[in-house]
Amino acid sequence: MSIRALKLNLRTTLCFGVVCLLLLIQGAMTLIKVDKVYSSTVDIETNWLPSIRLGGEIDAAFYKLRLDLRRFVMEIPRHDPASIEKLKSVRADALEIAERYAPLVSSPEEQAKYNEVLGGIKNYSQKMDEFLAQASTMSDEQMATYLRDVNGPIALEVQRVISELIALNSRGSSEAVQVASDEYHAARLFTWILMIGSLLVGIVITRLFTRSIIKPVHELLVSTGKIADGDLRVDIAVNGNDELTELQRSTAAMQMSLKSTLQNISHASGQLASAAEEMSAITRESSAGIERQSMETDQAATAVNEMTAA
């Protein structure tokens with residue numbers, strides 16, 4: 001279907017509507033990509049980084065608990081209530097820090113690692129209570145053996161799981177950064193593609209729109225110029241279904257009206273010429289009759305004069 005089949009107002013609305021639609025698509029896709037980048041940034045800021053930071057605090061607090069337990073073993077006397085309370089306070093701090101991590105869990109894998117960490121710390125705490133209960137009756141060698149054979153493996157396992165938890169969050173943070181980077185590059189590429197595509201589509205639409213107006217107007221100007229020069233034989237093209245088509249029809253109708261008027265004028269001129277010739281013939285006949293009458297009158301006068309003279 002030709003674009004000339006559409007009215008000018010509808011054609012204008014559609015052409016500029018396509019351009020506006022392209023702008024809306026570009027804006028919408030850019031907003032979507034920016035939203036994904038923002039979501040990744042927020043996820044890094046509110047989830048992964050706090051998890052890594054708190055995981056480090058858990059590791060430091062547990063390591064401090066292990067050091068304080070060893071310090072307790074080396075203290076003399078070992079039954080000092082202040083030392084025991086300090087040790088329990090450090091343990092309470094480690095447990096409190098570990099429990100603060102719970103709201104930051106964001107995946108089943110992270111939940112499993114966190115459960116291992118929390119369970120390991122509680123198990124270590126239970127073994128520490130058993131150790132403190134027996135510490136007054138243990139020798140230095142027995143306490144060292146207990147810490148090495150009982151608490152030691154538990155502590156190493158807890159710290160291994162804490163390291164794995166921190167590594168899991170580090171990977172999650174790296175993945176979030178990669179997602180943000182990918183979305184940024186995708187948004188950049190898509191924006192360039194859409195900009196170039198919009199430019200090309202805009203050029204094509206502008207070309208078609210202006211051509212649909214300029215071409216028929218130019219053809220009509222050429223036709224009306226020939227008509228103004230007196231050439232009524234020119235063909236006026238009538239095509240499309242828009243306002244310019246109506247103008248073409250009106251111009252063609254005007255041309256036919258001018259032809260009809262000129263034909264009527266030509267016919268009337270012919271009739272006037274015939275009437276003029278008839279009037280001329282009548283005038284000639286009247287002049288001949290008058291001459292004949294004048295000659296006859298002269299002859300009659302001559303005869304009268306001759307008769308009078310005789």
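Colleague: Which helix gives the most to the lining of the largest cavity?
Modeller: That's α4, with 4 residues. Keep in mind that this is a predicted model, where local features need pLDDT of at least 70, side-chain atom pairs need 80 or more, and totals for chains, interfaces and linings use all residues. Numbering starts from 1 along each chain as its sequence is written, and side-chain values use heavy atoms, without hydrogens or water.

Colleague: Which helices supply at least two lining residues each?
Modeller: α1 (8-74) and α4 (140-228) do. Helices here are DSSP runs (H or I, at least four residues), numbered from the N terminus.

Colleague: And which residues line the cavity?
Modeller: Arg66, Leu69, Arg70, Tyr124, Leu147, Asn151, Gly152 and Ala155. A cavity holds 1 Å grid points where a 1.4 Å probe fits but cannot get out, and lining residues have an atom within 4 Å of a point.

Colleague: What does the lining look like by class?
Modeller: It has 4 nonpolar, 2 polar and 2 charged residues. Asp, Glu, Lys and Arg count as charged, Ala, Val, Leu, Ile, Met, Phe, Trp, Tyr, Cys and Pro as nonpolar, and the others as polar.

Colleague: New topic: where does α4 bend?
Modeller: At Asn151, by about 45°, and Pro153 follows within four residues. Asn151 is also one of the cavity-lining residues.

Colleague: What about α1, where is its kink centred?
Modeller: On Ile44, and the kink is about 40°. Each bend is the angle between axes fitted to the seven residues ending at a residue and the seven starting there.

Colleague: How do the axes of α1 and α4 cross?
Modeller: At roughly 170°, coming within 9 Å. Those axes are lines fitted to C-alpha atoms over the stretch in contact, with angles from 0 to 180 degrees between N-to-C directions. The two helices are therefore roughly antiparallel (over 145 degrees). Their contact has 39 nonpolar, 16 polar and 7 charged residues.

Colleague: What comes just after α4?
Modeller: Gly230, with a positive phi of about 100°.

Methods: 1 Å grid on protein atoms, 1.4 Å probe; cavity = no way out; pocket = protein on both sides within 12 Å on 5 of 7 lines; lining within 4 Å. Parallel < 35°, antiparallel > 145°, perpendicular 65-115°, else oblique.
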